[in-house]
Every structure is written in structure tokens, then in C-alpha cells.
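Here are my notes on this model, point by point. Have the structure open as you read.

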Amino acid sequence: MKKTFISAAAILAFAATAHADELSDIQAQAKQMREQNAAMAKRLADIEKRQKSLEQQKAAVPTISPVDAMAADLPYKAAVKARPPENDDICIKGICVYGNFDMGLEYDQHGSPSSPLAGFPLNAPIEKAGWGSQFLAAPNQLSTSFIGLRGKQEIGDNLYAVFNLQTLFNPASGANANGIGAIVQNNGLGQSPQLGTLANAYGDSSKAGQMFNNAAYFGISSPTYGTLTMGRQSALSSDLVVNYDALSGSNAWSLITNEGATGGGGNTENRIWNNSFEYRLNIGPVRLAAEAQLRDGNNSGVGNAFQADIGFDYMGLSMDFNGGKTWDSVSFAGGPLSSLQVSTLQANQNSATGNGLGYTINCSLGCLPGTVSDNTVFQVAARYTIGPWKLFGGYEHITKSNPDNPLLPGAGIIGGYAVGFVNNNNFLTSAQIDIGWVGVKYAITPTLDIAAAYYHFGQGFFLAGAGSTGAASGGVFAYASRPGVVANATQAAACAANSTASTGCAGAEDMVGVALDWRFARHVDFYAGVAYSQRYGGPANAFITSTANGTLGGAGCATGTAPCNLNNRVSTFDPGIGLRYQF
């Protein structure tokens with residue numbers, strides 16, 4: 001019994017010792033875990049403190065891609081910028097109303113009375129009808145006024161329906177932009193001296209008073225597979241001009257905005273395409289685009305056309321390359337009908353046989369004299385952003401030739417107007433035109449920019465064929481010419497004697513423009529600018545302003561007894577100021 005008790009006591013002592021050892025281990029592990037928890041808590045506090053510090057720095061200095069940013073938005077400027085305003089776009093369920101109003105005052109050294117129809121109703125830069133000095137209310141100097149409605153609605157997984165409706169207008173008169181109508185308004189004044197003394201300002205245009213004269217398209221868009229749109233939309237050549245001009249959108253101080261032949265790939269009417277289909281796709285920093293316009297019919301100034309573009313963005317540098325061709329492109333750069341042409345059209349309307357033409361030309365909205373050509377175009381342009389600076393440059397080459405498909409008198413054009421007199425024979429030899437521009441924009445402060453640009457339009461000599469005669473005796477040739485029918489063998493000698501004797505004489509147009517833009521309040525800015533432009537050689541043919549500037553060209557112009565094309569160099573300048581409201 002005693003041995004049994006001793007054995008039990010030994011077992012209990014051993015068990016107690018084992019439990020004591022286990023307790024010590026647990027206590028040691030608990031202490032170690034507490035120390036680890038304390039270390040982790042300290043580390044967590046340090047991380048949260050660092051996170052808070054980084055978030056504060058990010059709020060103060062946002063990270064902005066130099067490719068996408070305006071110069072004033074770059075980080076080094078952000079420290080002095082106010083807190084960005086909340087988005088106040090006028091949108092309901094993805095459908096947004098947007099717009100722009102632009103109006104001010106302008107002085108034109110050689111201009112014309114304001115047009116109530118044209119989107120930019122003044123003759124600046126130098127234009128054919130510009131003569132006496134003008135000080136006028138000047139809408140749409142820095143940009144064109146417009147009102148638009150656009151939308152984007154998800155119709156599937158990452159698939160969207162999109163649309164855009166936009167019209168440009170003249171805020172001084174309230175009229176939709178109608179450059180074609182502004183030319184028609186001056187019909188009968190297409191000769192000297194009436195063109196200089198009686199005509200309102202006008203200019204060739206891609207706008208003809210339509211309800212949606214600048215955009216009316218819809219389509220489907222996917223971030224992965226690109227965007228397909230169809231309807232009335234800008235040509236790719238026009239998009240390139242808009243994106244790579246330091247004074248983009250300025251009718252008064254940008255030559256390639258005011259004279260839309262650059263954006264139209266040869267003629268202004270083709271800056272906006274009807275019946276068009278466009279596809280765009282972005283692959284990383286590279287963008288691809290293709291666009292086609294289908295003709296209206298067999299006798300239409302809206303001809304077939306196609307263009308393709310490739311571009312990229314990299315480290316502040318953007319570039320685009322574009323090329324294409326347009327058939328049956330119509331230009332109205334020659335201006336309105338002369339009094340003789342008006343009489344000939346009246347004879348056509350009053351004759352049972354159409355004055356020898358065989359049918360009556362439909363001029364219900366208005367008729368114009370048009371020059372028809374097939375045009376090819378190539379463009380390259382670049383933009384580079386570095387700090388507060390943006391540098392721009394571009395080059396375009398245009399070839400114009402007589403049309404493969406000559407148009408007949410009465411051919412329809414945009415807006416329902418018609419070509420009453422058709423010149424299918426202006427390019428007996430192809431015209432070669434080179435356009436170049438450079439510009440710079442500098443952000444003086446986050447709300448104040450200055451921009452300047454130089455533009456050059458150069459034209460080589462080409463043999464210009466005879467157009468429609470306009471003769472009162474009637475017949476087909478009174479209304480239309482056929483390609484290559486009549487040559488002009490004496491043109492080279494005439495151009496040598498008088499550099500403006502023909503539109504086919506070699507020559508050029510130059511322009512320098514500068515503008516200051518101050519965004520002094522949300523949505524509203526004040527601007528001031530000036531440009532100097534000059535023409536010489538063929539591009540100055542039949543201009544009213546003489547070489548002396550300030551007098552009608554030609555000794556007989558005051559009485560209308562002599563032609564007014566004896567000038568060889570004409571120029572003008574046009575300072576202006578204005579306000580702009582954007583929403």
C-alpha cells in the first residue's frame with residue numbers, strides 16, 4: 001500500500017511538471033504574438049499615414065497625360081489652380097445639349113458689307129469682292145457659333161448607340177449658316193465694278209442653310225471594335241485641319257479655317273460629306289479611320305469620295321497622315337452670276353426649248369456658276385506639347401483635273417441649289433496646289449493663351465480651258481463646257497505679261513494671324529486678334545482691289561468699261577475683338 005501511494009505521488013508530480021512546462025510555452029507564445037501584433041499595428045499605422053499623404057499629394061497635383069492635356073492643365077501649373085468645377089453639362093440620360101456663341105467687332109481694311117446669311121459674314125482675309133474699309137459687328141471671329149444635340153446610350157455589353165446633330169448659325173442675324181445662299185444673294189453683281197460697290201460679303205461654303213448643316217449622323221460604338229457612323233459628317237481631311245491648327249476654328253485669323261478648300265481636300269463644299277459612312281478604330285496609341293461618300297445621282301455635285309487616315313500619339317507628339325480622292329467636286333469660288341448670265345438663265349426659263357438647251361434649268365432656290373473637278377489630296381500634320389507650349393505644323397498637296405463624269409446644267413448641289421453654268425473644262429492640265437502651315441500656342445496663365453500661325457497657299461501654272469460662254473444667243477455652250485473642247489494656247493504669254501491674267505497663272509496666298517484668349521469666367525472668354533493676308537498671281541485673278549490697295553483695279557473700273565483684273569498683288573488686315581460663351 002505504501003508503494004502504491006509513492007507511485008501515484010510520483011505520477012502526479014510528473015504530470016504537474018508537464019503542465020507547468022506547457023503553460024510556460026503558451027505564455028511565451030502569447031507574449032510573442034502580442035509583440036508581433038504590436039509591430040504589425042505600428043506598421044499598419046505607418047502605411048495608413050503614408051497612404052493619406054499620397055492621397056493629399058494626388059489631390060493637389062493631378063497626374064495628366066501630356067498628350068491629352070491642355071498646357072494650362074499640366075502639373076506644374078496645378079498648384080495655383082482653383083479646385084476644378086463640378087461637371088455642369090446639360091445632359092439627361094446620356095443626351096446632351098451643347099453650343100457656342102461668338103460675336104464682337106472687326107475692322108477690315110478691304111472688305112464688303114456684312115452678309116445676313118453667311119456663317120462668317122465678312123470678307124476677311126482678302127477676297128475677290130473686298131474693296132473699301134469696313135467697321136462692322138463681327139460674329140464668329142474666333143470660332144463659329146453652333147447649337148447641337150448629342151447622345152450615347154448603352155445597347156449591349158460595352159456596346160453603344162451614338163448620334164450627333166449640329167447646326168452652325170450667324171448670331172448677328174439669327175440665320176443658319178448658308179454660304180451658298182450668300183453667293184446667290186449677289187447674283188447679277190458678279191462683274192466689276194458692281195462686285196466691289198454693291199455686293200455683300202460672300203465666300204464658298206459647305207453650309208447651305210440646312211437644319212443640321214454641320215453634322216447629322218448616328219452609329220454604333222465599341223471601345224474594342226471601334227465606331228461606325230453614317231449620315232452628314234466632316235471629311236477626314238477636315239478633321240485633320242481642325243486638330244492641327246494653332247488657331248483652329250478662327251474664321252477671321254486662320255486661313256485654313258476661313259478658306260475651307262484645305263479641309264475639303266480641294267474644294268470647300270467637300271469639307272462636310274453627305275451620304276457618308278465613317279469607321280474609326282483605336283489600337284493602343286495608333287488610330288485608324290476610313291470614310292466614303294456616295295453620290296446623289298447621275299447629275300449631282302455630291303459625287304463619290306473616299307479618304308483614309310492613320311495617326312498616333314506618343315509622349316506629347318501627335319501625328320496624322322491622310323489621303324483620298326473626290327469625283328465631281330464643285331467649286332463656287334468664282335463668285336455669283338454676272339448680269340449676262342442672269343439674262344441667259346431668264347431666257348432659258350422663258351423659252352419652250354430652254355434657249356437651245358432642250359430643257360429648263362431648275363433654279364427654284366437659286367443657281368450659281370460652278371467649276372467641276374476631280375481632286376486628289378494628301379496631308380500630313382503634327383502637334384507637340386511640352387510644358388505650356390504647343391507646336392503645330394502641317395502640309396497638304398492637292399491635284400485638280402477635269403472631271404471624268406462631266407456635269408450638265410442644272411446639276412444639284414447641297415441645300416437644294418443648282419449649278420446653272422457648268423465649267424467642266426477648267427483644268428486642261430492638272431493644277432498642283434501646295435499648302436503649308438506652322439503655329440504655336442502658349443499658356444501664359446491657366447486662363448490666358450496666346451496663339452500665332454503662318455499659312456501659305458502655293459499654286460503652279462496650269463492651262464485653264466474655256467468655260468461656259470454665257471452668251472445670250474443660247475445653245476449648250478451658253479450653259480456648260482466639255483473637257484478639252486477649247487484650248488488656251490496664249491495663256492502662258494498672258495501670264496508672263498500680267499501675273500493675274502488667268503486663274504491658271506502661278507501665284508500664292510499668305511497669311512499671318514495671332515489671337516489672345518482670356519477665359520475670365522466659367523464658360524465665357526474675351527478674345528482679341530489680327531491677321532494680315534495677301535494674294536498675288538493667279539489666285540488674285542479678277543480681284544476688285546488693285547495693286548495700289550484702296551482703289552478699284554483698272555482705269556475703266558469706275559464706269560464698268562474695262563476689266564478689273566490688272567492687279568498683281570492685293571492685301572488686307574483685320575483686327576477684331578469679341579466675347580464667346582460655350583456650354
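1. What volume does the second largest pocket have? About 340 Å³. A pocket here is an open set of points on a 1 Å grid over the protein atoms alone, with protein on both sides within 12 Å along at least five of seven lines, and lining residues have an atom within 4 Å of a point. Grid points are joined across faces, edges and corners, and the volume is the space filled by probe spheres set on them.

2. A word on the basis: this is a predicted model, where local features need pLDDT of at least 70 and side-chain atom pairs count only at pLDDT 80 or more, while totals for chains, interfaces and linings use all residues. Residues are numbered from 1 along each chain as its sequence is written, and side-chain values use heavy atoms, with hydrogens and water left out.

3. Back to the second largest pocket: 18 residues line it, and Asn 243, Arg 280, Asn 282, Arg 287 and Asp 320 are the closest to its centre. The lining splits into 7 nonpolar, 5 polar and 6 charged residues (nonpolar: Ala, Val, Leu, Ile, Met, Phe, Trp, Tyr, Cys and Pro; charged: Asp, Glu, Lys and Arg; polar: the others, Gly among them).

4. Helix H5 supplies the largest share of that lining, 4 residues. Helices (H or I, at least four residues) and strands (E, at least two) are DSSP runs numbered from the N terminus. H5 itself is mostly covered, with 6 of its 8 residues buried, among them Leu 236, Asp 239 and Val 241. Buried means under 20% relative accessible area (1.4 Å probe, protein chains only).

5. There is also 1 cavity of 30 Å³ or more in the whole structure, where a cavity is a set of points that a 1.4 Å probe fits but cannot get out of. The largest cavity has a volume of about 100 Å³. S9 gives the most to its lining, 3 residues, and the lining of the largest cavity has 7 nonpolar, 4 polar and 1 charged residues.

6. On to the rings: there are 12 aromatic pairs, counted when Phe, Tyr or Trp (six-membered) ring centres lie within 6.5 Å, with planes under 30 degrees apart called stacked, over 60 edge-to-face and the rest tilted. Phe 421 and Tyr 479 are stacked, at 5.7 Å centre to centre and 20 degrees between the planes. Phe 421 lies in strand S16 and Tyr 479 in the loop between strands S18 and S19, so the pair ties together parts 58 residues apart in sequence. Both Phe 421 and Tyr 479 are buried.

Terms used
Buried means under 20% relative accessible area, exposed over 50%, partly exposed in between (1.4 Å probe, protein chains only).
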